[in-house]
Amino acid sequence: MRYFGLGAVALGALLAATPAMARDGDGRRQVSISPYIELSQVAVADLQNDDVLTYTSAAAGVDASIQTRRVKVNANVRYEHQFAWDKRTGDADVVSGLANAQVRVARGLTLDGGGIATRTRSGLGGPLFNDYERRDVSNLYSAYVGPTLNTGSGPIFLNAGYRFAYTKLTLPNYGFTAVGPARQDYFDDSKYQTATVSTGFKSGVIAPFGATLSAGWTRDDQSQLSSRFDGLYGRGDLVLPLSGTFAVEGGAGYEKITSSSKDPLLDANGNAVVDSHGRYVTDPASPRRIAYRTDGIYWDAGVAWRPSPRTSLWAHVGRRYGSWSYTGALSYAPSRSVGVQVSVYDTVETFGGQLQRGLRGLPTEFTTTRDLLAQQFSGCTFGTTGGGASGACLNSVFQAVSSATYRARGVDGTITASRGASTIGFGAGYSTRRTYAANTPGITVYGVTDESYYAQLFYSAPIGGRTTFNADVFANYYDPGFGTVSGVYSLGATGSLSRSFGRLGTTASLGIYNISAKGQQDETSAQAQVSAQYRF
C-alpha cells in the first residue's frame, strides 16, 4: 500500500487544481466522482484436484471522470482485503487501478500524471488469471508525473517533455513458477526518467519540405544488483510531401546506450546469495559490469499517408541496434463509434521503460468492468468510444518481469466499436524480447529470447434499463526461451451480470481458466463471485 501512495500523491497533486479550474466552465464541464464500498463472496475450484478455495472480500474504491476546459482526469482505483476461509492461503490485500490526468497550466504547457496498480506473476509463468495459485503472484505499482510543452504558433515549433516514474513489484513468495523451479531474476523497483526536446518547421511553411531536430535522454535506476540504464540520442528528420495525403520521410542520428549492473554476492560454495524475498544481494565490492552498449549512427526511412483526419499510416525501415529495424503505426476511425489502432515497435529498454511506453499508449478514456475475475489492466484496455483511442494491450509488458535490459520487438492491434451503451473490443499482438547482461555467476535468465502471443475479446451490453452483461475471452502463449523449458498456454473466459437498484448494485460472475505446459500437469480452475456494491 505504501508504494501505491506515490501514485496517489502524483494524482492528488493534479486533482488539487480541479475545483478552482472547474469554475471556469465553458459548457464543456463534466465532473463525475463516484466512490463506493463492496462486499463479495468468492469460490475458486481446482478442477484437476477437486479442491475448493473460498474467501470473503471487502473493498472500497472510486471511479472518477473530470472533463473541463483545463483539467482532464480519468481514474478507476480500488482497494480490496480478502479474508481467507482456510489456513493454506491466508488473508491478502489487493490494490488495482488505472488513472491518468492532465492539467493545462498555461497555453501550450500541461502537467501530466497517472499510474497503474495490478497483479502479475513474479516468475515466467505468463499472465495471471485468477486467485487460486497465490504463490507466484506479485503486486505491481507504478506512477508517473511530468510537464509537457507544445508551441505551435509561428513558423518554428518547439516541443519538450519530462517524465519521472517509480515502479515497485512485491514478491509474496518465490518458490514456484508455472514453467518450473528455475531461479528467476526478480525485479524489485526502479526510478525511471526521460526527457525529450524537438524543434523544426512543417512542410510548406519555410520550404517545400519539413524538418525536425530532436534529442532525448533516458535513465533507469534499479535496486536489483544496482542495475542502471543510460540512453542518449540526437537526430534530424526530413518530410517531403508528394501529394496532399502522401509523403516520404527519413532521418538519421547518433545514439549511445549503456546498461550495467553489479555482481550478486556469492556464498562459500559459489552460489548467489538471495534475501528473504528471493532477490539477489548485491556485492558492494563488485565493479560495474556492462550488460549492453551501443554507440553510433542509426537511420530509418519510410512513408506517411493521411487521406483524412480519421485515417493515418506510417511505416519505417532502417538500421538500428546492429540490425534491420521495422516500425510503424495505423490509426483508423471511420466513425465516432469505431476505431482501429495498430503499432509495430522495436526498441532497447528496461521493464520500467516498457511499462511507461505502454501506459502512454493507453486511451485517456477507458472502459472498466465490475467483473473482477478478468485481467485487471494487465491485459488489453479499451477506449470508451471508437473515434478516440481504441485501446492498447499491456500483455507484452507483463508476460515476464525482469530487471534485465532487453530488445523488445512486436506488434499490437486493437479494435473498438460501440453502439449506444454497448461496446465490443478486440486486441491481439505478438512480442519477442532478447535480454542482455554481463556474464554474472548465478544468473540464468539473462541472454535468452522469449516470445508471446496474446488475444482478448471484450463485450459489454445493457439488458433492459438496469442490468448489464460483461464478457471477456482471452488466450495467451508464452515461451520463456529456457532451453528445454516448454511454452505455457493460457486460456480463460469470464462473464458477469450486474443489476442496479439505485445506489445499490449487485453482480454475479463466473470464470473458467486453463494453464498448460508440456511435461506438466494442466491447471484448470473455475471461479464464481457474488457481490453487492453501494455507491455514494
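Buried, as the word is used in these legends, means under 20% relative accessible area, and the model shown in every view is a predicted one.

**View 1. Salt bridge between R357 and E349.** In this close-up of the predicted model, R357 and E349 form a salt bridge in which the closest N and O atoms are 2.7 Å apart. E349 has a relative accessible area of 7%, so this residue counts as buried. R357, with a relative accessible area of 27%, is partly exposed.

View 2. The structure as a whole holds 15 salt bridges.

**View 3. Salt bridge between R78 and E38.** The side chains of R78 and E38 meet in a salt bridge, with a distance of 2.8 Å from N to O. Since R78 belongs to strand 3 (residues 71–84) and E38 to strand 1 (residues 30–46), the pair ties together parts that are 40 residues apart in sequence. Both of these residues, R78 and E38, are buried.

**View 4. Salt bridge between R163 and D112.** R163 and D112 form a salt bridge whose closest N and O atoms are 3.1 Å apart. R163 lies in strand 7 (residues 157–169), whereas D112 lies in strand 5 (residues 109–121), and so the pair ties together parts that are 51 residues apart in sequence. R163 is buried, and D112 is buried as well.

Technical notes: Residues are numbered from 1 along each chain as its sequence is written. This is a predicted model: local features need pLDDT of at least 70, side-chain atom pairs count only at pLDDT 80 or more; totals for chains, interfaces and linings use all residues. Side-chain values use heavy atoms; hydrogens and water are left out. A salt bridge is a side-chain nitrogen of Lys or Arg within 4 Å of a carboxyl oxygen of Asp or Glu. Helices (H or I, at least four residues) and strands (E, at least two) are DSSP runs, numbered from the N terminus. Buried means under 20% relative accessible area, exposed over 50%, partly exposed in between (1.4 Å probe, protein chains only).
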